[in-house]
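I opened a new page for this structure. These are my notes on what I looked up, in the order I looked.

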Number of protein chains: 2
Amino acid sequence: MKASKFYISTFKEAPAEAELTSHKLMIRAGLIKKLGSGLYTWMPMGLRVLKKIENTIREEMQQAGAVELLMPAIQPAELWEETGRWELFGPQMLKISDRHDRPFCFGPTHEEVITDLVRNELNSYKQLPMNFYQIQMKFRDEIRPRFGVMRAREFLMKDAYSFHADIESLKHTYDLMFKAYNAIFTKLGLIFRAVQADNGAIGGDGSHEFHVLADSGEDEIVYDEHSDFAANIEVAKDHPDKRNLKTCRGIEVGHIFQLGTKYSEAMKATFINQSGKPSPMIMGCYGIGVSRIIAAAIEQNHDDKGIIFPESMAPFEVIITPIGYDKSSSVKEGVDDLYQLLIAEGYDVLLDDRGLRPGIMFSEAELIGIPHRITVSETTLKENKYEYKNRSKTDAEMIASNDLIRHLKSV
Amino acid sequence: MKASKFYISTFKEAPAEAELTSHKLMIRAGLIKKLGSGLYTWMPMGLRVLKKIENTIREEMQQAGAVELLMPAIQPAELWEETGRWELFGPQMLKISDRHDRPFCFGPTHEEVITDLVRNELNSYKQLPMNFYQIQMKFRDEIRPRFGVMRAREFLMKDAYSFHADIESLKHTYDLMFKAYNAIFTKLGLIFRAVQADNGAIGGDGSHEFHVLADSGEDEIVYDEHSDFAANIEVAKDHPDKRNLKTCRGIEVGHIFQLGTKYSEAMKATFINQSGKPSPMIMGCYGIGVSRIIAAAIEQNHDDKGIIFPESMAPFEVIITPIGYDKSSSVKEGVDDLYQLLIAEGYDVLLDDRGLRPGIMFSEAELIGIPHRITVSETTLKENKYEYKNRSKTDAEMIASNDLIRHLKSV
């Protein structure tokens with residue numbers, strides 16, 4: 001992508017209301033723009049990050065046997081009345097009346113809708129297990145939206161729902177999802193921890209949260225250095241005999257639940273079991289806060305110059321910052337060749353062809369957090385070299401032109 | 001994709017309320033499932049079609065210089081009050097109050113939001129022109145939702161908005177969009193026509209609609225066989241001297257507008273022009289009904305057996321229908337090799353490994369409308385042949401195994 005064909009908009013200052021580092025940096029780097037309280041536009045730079053995370057999630061979900069669909073955002077109240085959650089869910093639910101005064105909500109979650117779908121689609125143990133997922137904007141009417149996309153009202157979520165004939169099948173899929181979540185957060189380049197959680201309002205047995213570790217995280221995590229025990233603080237409080245426990249702070253980005261039959265019983269989602277008798281389906285559900293991952297990643301990976309994106313979710317992997325692109329034909333030629341070479345090697349490249357001064361180009365690239373920066377000038381070309389700067393290192397280094405690709409792959 | 005890892009759900013009968021062929025076939029082929037009036041879940045098979053259309057649109061929009069972003073679905077009323085459309089838009093707008101009783105709507109379109117964004121982002125002629133687009137669920141509270149996704153309430157739309165310093169720049173981008181739309185509908189394999197349209201409620205000068213031609217289309221199109229004149233019936237009525245005009249029927253899937261300064265003046269979206277003076281930005285907007293395209297494509301391409309998807313939007317390009325996959329090791333081996341070969345050749349392949357009877361497999365493949373069907377059995381393997389059936393042809397034919405790829409590329 002050439003910068004002149006894209007849209008880059010960075011700011012020196014963040015708005016006063018932005019308290020959290022990730023919120024400040026996402027606004028300053030032009031990833032998001034506020035529309036209203038808890039409502040953000042994903043600017044071109046931010047949308048690229050969101051799409052990369054989406055795709056990583058998709059790959060692993062599909063690998064783990066889940067099948068993607070897309071349910072409506074607007075949901076009829078009747079379904080929520082079947083489970084009693086129309087009243088129970090509370091004011092976080094955005095309730096709506098249509099032109100005929102029929103009650104709906106903007107889906108804060110989709111257990112009711114998927115259970116309704118499945119009770120009409122699946123009716124035999126032979127069709128089970130099934131695991132459906134979607135990636136979709138949800139709305140939760142937070143009383144005090146803040147921290148940018150960390151606690152926005154409209155936010156992107158991956159939600160999966162599995163349906164089973166027996167507990168063993170649920171536990172098997174739960175285990176697949178546990179592994180898929182580990183694979184997702186590992187691929188995204190994040191330091192994270194899976195912790196035991198209680199099931200909260202959603203009901204059922206067996207639950208883990210996935211936390212991105214960051215000192216600024218709002219959740220306290222308790223873990224044992226000498227075993228694999230880790231839990232959120234609520235669960236840990238119920239286990240007072242766990243002596244040498246340490247604590248750290250995390251940002252919840254995923255949550256998996258064994259729901260059991262809470263929804264299937266309330267909504268009469270039954271199947272004919274092997275004995276020929278109707279039986280309520282056993283369910284699991286698996287959420288990831290897709291847009292939240294970006295804020296969490298930034299809380300974990302930044303310095304005083306800006307964001308340090310892990311390569312897998314960076315809006316661009318490489319930025320070429322030419323000096324004299326519009327003045328020197330040798331620079332233009334050398335840079336255009338390099339740009340084509342990097343694309344051919346499969347890199348997602350941004351070529352900053354806007355003719356800005358080097359200092360501005362460099363500080364923008366660092367603010368946005370692009371992992372690899374390659375500077376080309378008449379001087380570097382004469383020496384058959386490139387100036388290479390890794391976003392996570394302090395100093396730039398000179399690399400022989402023909403060694404660049406090997407070097408990029410090694411760092 | 002192996003069918004056993006996917007979700008296929010077809011029906012012999014369509015619900016009584018489905019009047020239109022595309023509605024019936026989309027339900028029967030398991031592309032969509034109704035949640036409520038004008039609300040549909042995109043089932044795994046349908047979502048694949050939607051994603052393919054999305055990607056074609058993205059490629060051409062990017063090619064034409066538009067930059068993707070993503071605005072919130074939920075919009076504050078204040079912006080709509082600035083243009084007067086909070087009252088004017090009428091009951092199609094789904095109005096919402098949040099927990100603090102502040103008024104919002106589920107965006108039926110995004111002129112106000114993008115104009116607000118741009119007035120805060122762009123302030124000099126040097127930053128113009130800019131063309132932003134998004135692909136997003138919209139909601140229009142139709143009084144009588146019907147015809148499936150043809151006139152659903154929640155629907156997927158591509159909406160683009162361009163901003164210019166002068167009319168010439170608007171006309172240049174409008175022309176790029178006109179060409180991009182032609183490229184999109186051509187790539188999607190549809191027979192369509194661009195027609196002159198009036199600007200309706202949206203205001204401004206210069207507008208074209210893009211119609212997929214189908215006898216069942218609800219719009220009447222007037223055209224001249226001997227020139228390139230084509231218009232919708234409203235515009236044609238204003239031109240009574242158009243003698244040798246013919247008419248046909250179409251389904252509107254795209255609409256491009258030269259908006260002028262209607263929104264920028266109302267919302268004070270100005271830029272500093274070359275004379276150093278503030279001037280309202282000149283705007284264009286460009287919509288495509290993404291989910292509607294599927295219904296329109298089916299109205300144009302079907303027979304009594306089901307859908308005949310153009311290859312570019314088919315959920316899968318090729319289906320392998322093995323006979324004896326779970327019984328014959330030579331069939332399993334031959335089919336698995338073929339499956340890998342087709343994937344390596346870049347085809348999107350569905351392998352029907354569910355062990356169904358041939359008649360059921362064949363009729364499902366025809367109902368869903370997969371362009372190429374390859375049947376493999378012990379008999380075909382012994383003869384070093386495959387049975388090939390093109391969805392748009394009546395009869396199957398025998399193809400030498402080593403000629404298959406060449407044959408697929410030629411049909």
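**Entry 1: a helix**

I began with helix α9 (residues 290-300) of chain A: eleven of its eleven residues are buried, so the helix is largely enclosed by the rest of the structure. Buried means under 20% relative accessible area, exposed over 50%, and partly exposed in between, with a 1.4 Å probe and protein chains only. Helices (H or I, at least four residues) and strands (E, at least two) are DSSP runs, numbered from the N terminus. I listed some of the buried residues of α9(A), including A:Arg292, A:Glu299 and A:Gln300.

I also noted the ground rules. This is a predicted model, in which local features need pLDDT of at least 70 and side-chain atom pairs count only at pLDDT 80 or more, while totals for chains, interfaces and linings use all residues. Residues are numbered from 1 along each chain as its sequence is written, chains are lettered from A and ligands numbered from 1 in the order in which they are written, and side-chain values use heavy atoms, leaving out hydrogens and water.

**Entry 2: a histidine**

I then looked up B:His372, which lies in strand β21 (residues 372-376) of chain B. Is B:His372 buried or exposed? B:His372 is buried, at a relative accessible area of 2%. Its side chain makes a polar contact of 2.8 Å with the side chain of B:Glu311. A polar contact is a pair of N or O atoms within 3.5 Å; within protein, one must be able to donate a hydrogen and the other to accept it, and residues adjacent in sequence count only if both atoms are side-chain atoms. Leaving aside neighbours within four places in sequence, I found B:His372 in contact (heavy atoms within 4.5 Å) with residues including B:Tyr388, B:Leu408 and B:Val411.

**Entry 3: the two chains**

Where the chains meet, 57 residues of chain A are in contact with 56 residues of chain B. I noted that 98% of the interface residues of chain A are also interface residues in chain B, so the copies meet through the same surface.

How many salt bridges are there between chain A and chain B? I counted four. A salt bridge is a side-chain nitrogen of Lys or Arg within 4 Å of a carboxyl oxygen of Asp or Glu. A:Lys33 and B:Glu121 meet in a salt bridge through their side chains (2.9 Å, N to O).
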